[in-house]
Amino acid sequence: MTAIWFIFALMTGLAVLALLWPMSRRPGFAAVPEGEARIATETGFYRDQLREIDRDAARGLLAALEAEAARAEAARRLLRASRDPGRVAGAMGEPALRRRRAASAFALSTVPLVALLVYGIYGSPDLPAQPQAERLAHARTAGNDLAAAVAQIEAHLAQAPEDGRGWAVLAPVYLRLGRVEDAIKAYENALRILGEEAGRLADYGEALVAASDGVVSSKARDAFERALRQDAKAVKPQFYLARAAEQDGDRDKARARYAALAAAAPPDAPWLPMVRDSLARLDGTAPPAAAKPAMGEEQRGMVRGMVEGLAQRLAEKGGTPEEWARLVRSYGVLGERPRAEETLAQARTALGNDTAKLAPVEEAAREMGLGTAKAVP
């Protein structure tokens, strides 16, 4: 700690010395008559000002009209200074020069001392340093940067609602934040303004699936099919269309789609294990839940939240056979067999004796190894 303070003090002293040294010397034109010296000083100042204006205009810091006005004023003063050697304004005699040097020396010597004093009173020099990586991680955890970016884009889109790129950037961020309905609207705006593109259509369909609690609705299916017409090799549309066929009870079609994906996948594709699990589930060769790797606490909490939301909605408003089947599977994956059996009984009651409607639910029950259960009255 002592060494770093010594280094800071040395750097401050060198900076002050570098500024005071030129002031301690007389200007190069001291031997020139006083009037000419003053003219050289002032005209040099205004020429520097003109060059500074040109640099600011070139960097875009000044608008064209502002730069032109500033040039005109500086040129006017330059012309007046060069034509009025006897003008008293701006003249700097030896006493004034000494006063300026004294004031500059006092300011440059006092400011560092005052800064150190204020930091010693109000600062926290004893706190340990925090590396930049930790500060960035804290900012990401707090979500301040992301929230600020979203607010900035939203403000921009309020002024320019036809900016398709802005909607395309905002849509996946909304989805990440759990604002599914907002994500859907953003994707729809992006598609309307920028046109249909395979990746954008697939992401839009995925947002629709998220809004339906994992069910591939007809609207989502249409988006995936349009995406495949744009790019027949796109993975995401193929996967969700395979899932749609599975949810419809068309096992052969689902198996064919999953198998085609697996055959064309690179060995290190991150989505390949999920496709293989789906095939194993359809073929009845999926390992029991106990043999599968346990989910992390964060993932389990997220899944449980989605499952409870679906369960509440089905209990209050009812749902499709596929949704009941998905809830049964979800409880089975979470290892909550009593809840899965209870949900199976509720589904049988809600769907009645319609064999066609009960087929997805009974299939889910067989996959989870559930026994028969009585309907809940």
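This is a predicted model: local features need pLDDT of at least 70, side-chain atom pairs count only at pLDDT 80 or more; totals for chains, interfaces and linings use all residues.
Local features require pLDDT of at least 70 and side-chain atom pairs count only at pLDDT 80 or more, whereas totals for chains, interfaces and linings use all residues. Residues are numbered from 1 along each chain as its sequence is written, and side-chain values use heavy atoms, with hydrogens and water left out.

Helix α16 (residues 337-351) packs against helix α17 (residues 355-368) at an angle of about 165 degrees, the axes lying 10 Å apart. The two helices are therefore roughly antiparallel, a label given to angles over 145 degrees. In the contact (heavy atoms within 4.5 Å), Arg 337, Leu 344, Ala 347, Arg 348 and Leu 351 of α16 meet Lys 357, Leu 358, Val 361, Glu 362, Ala 365 and Met 368 of α17. By class, this contact comprises 7 nonpolar, no polar and 4 charged residues.

The aromatic pairs (ring centres within 6.5 Å) number 3. Phe 224 and Tyr 240 are stacked (planes under 30 degrees apart), with 5.0 Å from centre to centre and 0 degrees between the planes. Because Phe 224 belongs to helix α10 (residues 218-230) and Tyr 240 to helix α11 (residues 235-247), the pair ties together parts 16 residues apart in sequence. Phe 224, at 0% relative accessibility, counts as buried (under 20% relative accessible area, with a 1.4 Å probe and protein chains only), and Tyr 240, at 10%, is likewise buried. Ring pairs link Phe 224, Phe 239, Tyr 240 and Tyr 258 into a cluster.

Technical notes: Axes are lines fitted to C-alpha atoms, for helices over the stretch in contact, and angles run from 0 to 180 degrees between N-to-C directions. Helices (H or I, at least four residues) and strands (E, at least two) are DSSP runs, numbered from the N terminus. Angles under 35 degrees count as roughly parallel, over 145 as roughly antiparallel, 65 to 115 as roughly perpendicular and the rest as oblique. Ala, Val, Leu, Ile, Met, Phe, Trp, Tyr, Cys and Pro count as nonpolar, Asp, Glu, Lys and Arg as charged, and the others, Gly among them, as polar. Rings of Phe, Tyr and Trp (its six-membered ring) pair if their centres lie within 6.5 Å; planes under 30 degrees apart count as stacked, over 60 as edge-to-face and the rest as tilted. Buried means under 20% relative accessible area, exposed over 50%, partly exposed in between (1.4 Å probe, protein chains only).
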